[in-house]
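My notes follow in the order I made them.

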Amino acid sequence: GIDTTSFHEGLRHIYREAPDVIMIGEMRDRESIAIALEAADTGHLVISSLHANNSVMAINRIIDVFKAEQQQQIRVQLADNLLLSFHQRLLKVRNRDSRVPAFEKLANSHRVANLIREGKDHHIRNQLVNTEEFVSLDSCLAHLVAEKKVEREIAQHVCLDKKQFLDMLK
């Protein structure tokens with residue numbers, strides 16, 4: 001109401017304030033995602049949230065919101081401008097009422113950018129397991145269980161690949 005009439009109106013006029021960093025609470029539609037990509041493409045640091053179950057699904061969600069004829073251009077923009085995708089789940093700490101984050105981290109690199117650009121983002125999970133570029137949610141969960149911070153059953157309930165998760169616990 002005071003600064004802008006709506007969320008989208010505020011996003012459309014985001015450059016009037018000459019920002020260096022732009023925080024978009026949630027990219028929930030094509031317009032907000034397009035503005036975030038455009039801002040990143042023009043050198044702004046954009047921080048935002050997006051509902052997805054993991055980093056690869058977040059990439060796919062960003063691309064799939066656009067029409068088929070625009071998707072290759074979006075892939076290029078995303079590959080060139082993505083810095084980090086961070087996915088987290090808060091889990092109950094063993095024998096306490098507090099919570100601990102289990103996370104998945106995907107940092108952009110030459111390899112990651114090429115996979116995104118070439119439409120092979122579905123290979124990210126297989127090709128980059130536990131490298132500097134990618135820490136899977138399942139490996140983080142296995143680490144939390146091994147440290148006895150989280151119950152095995154709770155971690156197994158939220159893991160993405162149960163077989164791989166159980167193999168990591170051995």
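**Entry 1: contacts of D138**

Setting aside neighbours within four places in sequence, I found D138 in contact with C159, L160, D161, Q164, F165 and M168. I am working from a predicted model.

I placed D138 in helix 7, which covers residues 137–146. Does D138 have a salt bridge, or no salt bridge, and what is the nearest side chain of opposite charge? I found D138 buried and without a salt bridge; that nearest side chain is R125, 5.3 Å away. I did find the side chain of D138 reaching the backbone nitrogen of D161, at 2.9 Å.

**Entry 2: helix 7**

I then looked up how covered helix 7 is, and eight of its ten residues are buried. Among them are L137, D138, S139 and C140. I noted that the buried residues of helix 7 pack against strand 3 (84–92), strand 4 (99–107) and strand 5 (134–135), and also against helix 8 (152–158) and helix 9 (162–169). Just after helix 7, I read a positive phi of about 60 degrees at K148.

**Entry 3: nonpolar cores**

I looked up the largest nonpolar core and found 27 residues in it. L37 and I62 are among the residues with the most contacts inside this core. Helix 2 gives the largest share of the core, five residues. Leaving out residues up to four places away in sequence, L37 touches I62, F66, I74, Q77 and L78. Another core, of 15 residues, lies apart from that one and includes C140 and A142. I had already listed C140 as a buried residue of helix 7.

Technical notes:
Residues numbered from 1 in each chain as written. Predicted model: local features only at pLDDT ≥ 70, side-chain atom pairs only at ≥ 80, totals over all residues. Heavy atoms only, no water. Helix = DSSP H or I, 4+ residues; strand = E, 2+ residues; numbered from the N terminus. Buried < 20%, exposed > 50% of the residue type's maximum accessible area, 1.4 Å probe, protein only. Lys, Arg positive; Asp, Glu negative; His and termini not counted. Salt bridge = Lys/Arg side-chain N within 4 Å of Asp/Glu carboxyl O. Polar contact = N/O pair within 3.5 Å; in protein donor to acceptor, adjacent residues only side chain to side chain. Contact = heavy atoms within 4.5 Å. Core = buried A, V, L, I, M, F, W, Y, C linked by side-chain atoms within 4.5 Å.
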